[in-house]
Amino acid sequence: MSVTAETAPQSDAAARKHRKLWLGVGFVGCIAGSIAFAGPFLSPVLRKHCLPYLPATENTIKLLFSELKGARGPLIDLGSGDGRVVIAAAKQGFIAHGIELNIWLVLYSRLRSLLAGTSSRTKFYRADLWKTDLSPYNSIIVFGGESMMSDLSVKLKKETVANTDIISCRFPLDSNVWDTCSMIEDGHNPLWRYKQSSDKCR
């Protein structure tokens, strides 16, 4: 038997082994990439309080800012998602900030604001709302989950200053802590307005 005939099977075996190795590396890479991408979406679910990513509808945003008509000063959206509420606020004349745990949504929001021409009036941060000081803001918007509203009500009462406007979407704040100024039905997205003030809702 010739040398060429003897080495051909060995070459084929080496090539198959090489392909399997690269397939394995590719598979591991895909898994790692999926975890890196999905992690920011899944990690909030593991927390005590979870802010679900459910984008606000155009009608909800319209009603929200009708409730904030005449309000000025810095605004913050707690759990800003894809940035649509913050960008809408900037277009209404607010200096608007958004905090969000999901870094991909933070980066997407920054790009979206840049393309919308509102980047000079917006800031997006990767931050935990429970560790964020809310006292600098005159208007606060939250699309919360039912389980978090009691604790959030206490935090807002402690940290907000007089005449701060608060809009809570989907779920109300704790009625033992806050008096409702107004409430708007919007299908599955009702809105409640509150005001931190000794004069209640004036």
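Author: On a 1 Å grid over the protein atoms alone, a pocket is an open set of points where a 1.4 Å probe fits, with protein on both sides within 12 Å along at least five of seven lines; its lining residues have an atom within 4 Å of a point. This is a predicted model, in which local features need pLDDT of at least 70 and side-chain atom pairs count only at pLDDT 80 or more, while totals for chains, interfaces and linings use all residues. Residues are numbered from 1 along each chain as its sequence is written, and side-chain values use heavy atoms, with hydrogens and water left out.

Reader: What amount of space lies in the second largest pocket?
Author: Grid points are joined across faces, edges and corners, and a volume is the space filled by probe spheres set on the points. For the second largest pocket, the space comes to about 210 Å³.

Reader: Which element gives the largest share of the lining of the second largest pocket?
Author: Helices (DSSP runs of H or I, at least four residues) and strands (runs of E, at least two) are numbered from the N terminus. The lining includes E58, I61, F65, R84, I87, A88 and K91. The elements that give two or more residues to this lining are α2 and α3. The largest share, four residues, comes from α3.

Reader: How many helices and strands does the protein have?
Author: Along the sequence, the elements follow the pattern α-α-β-α-β-α-β-β-α-β-β-β. The count is five helices and seven strands.

Reader: What percentage of the 202 residues count as buried?
Author: Buried means under 20% relative accessible area, exposed over 50%, and partly exposed in between (1.4 Å probe, protein chains only). By this rule, the buried part of the 202 residues is 39%.

Reader: Why do the buried residues of α2 lie on the same side of the helix, and what arc do they cover?
Author: The buried residues of α2 are T60, I61, L64, F65 and E67. The arc is taken from the directions from the helix axis to the C-beta atoms. These residues are on the same side of α2 because they cover an arc of only 150 degrees.

Reader: Which exposed residues does α2 carry on the face turned away from its buried side?
Author: The buried side is covered by elements that include β1 (75-78), α3, β4 (139-143), β5, β6 and β7, where contact means heavy atoms within 4.5 Å. The face turned away carries the exposed residues E58 and K62.

Reader: How many residues apart in sequence are the parts that F65 and F94 tie together?
Author: Rings of Phe, Tyr and Trp (its six-membered ring) pair if their centres lie within 6.5 Å; planes under 30 degrees apart count as stacked, over 60 as edge-to-face and the rest as tilted. A search of the whole structure finds two such aromatic pairs. F65 and F94 form a tilted one, at 6.1 Å centre to centre and 45 degrees between the planes. F65 lies in helix α2 (residues 58-67) and F94 in the loop between α3 (84-91) and β2 (96-100), so the pair ties together parts whose separation in sequence, in residues, is 29.

Reader: Are F65 and F94 buried or exposed, and which pair does the search find besides theirs?
Author: Both F65 and F94 are buried. An edge-to-face pair, at 6.2 Å centre to centre and 65 degrees between the planes, is formed by W178 and Y194.

Reader: What is the relative accessible area of Y194?
Author: W178 lies in the loop between β5 (164-169) and β6 (182-184) and Y194 in strand β7 (residues 191-196), so the pair ties together parts that are 16 residues apart in sequence. W178 counts as buried at 3% relative accessibility. Y194 is buried too, with a relative accessible area of 0%.

Reader: Which residue has its charged end over the ring of W178?
Author: A charge sits over a ring if NZ of Lys or CZ of Arg is within 6 Å of the ring centre and within 35 degrees of the ring normal. R72 lies over the face of F94, at 5.6 Å from the ring centre. Over the ring of W178, 3.9 Å from its centre, sits the charged end of K157.
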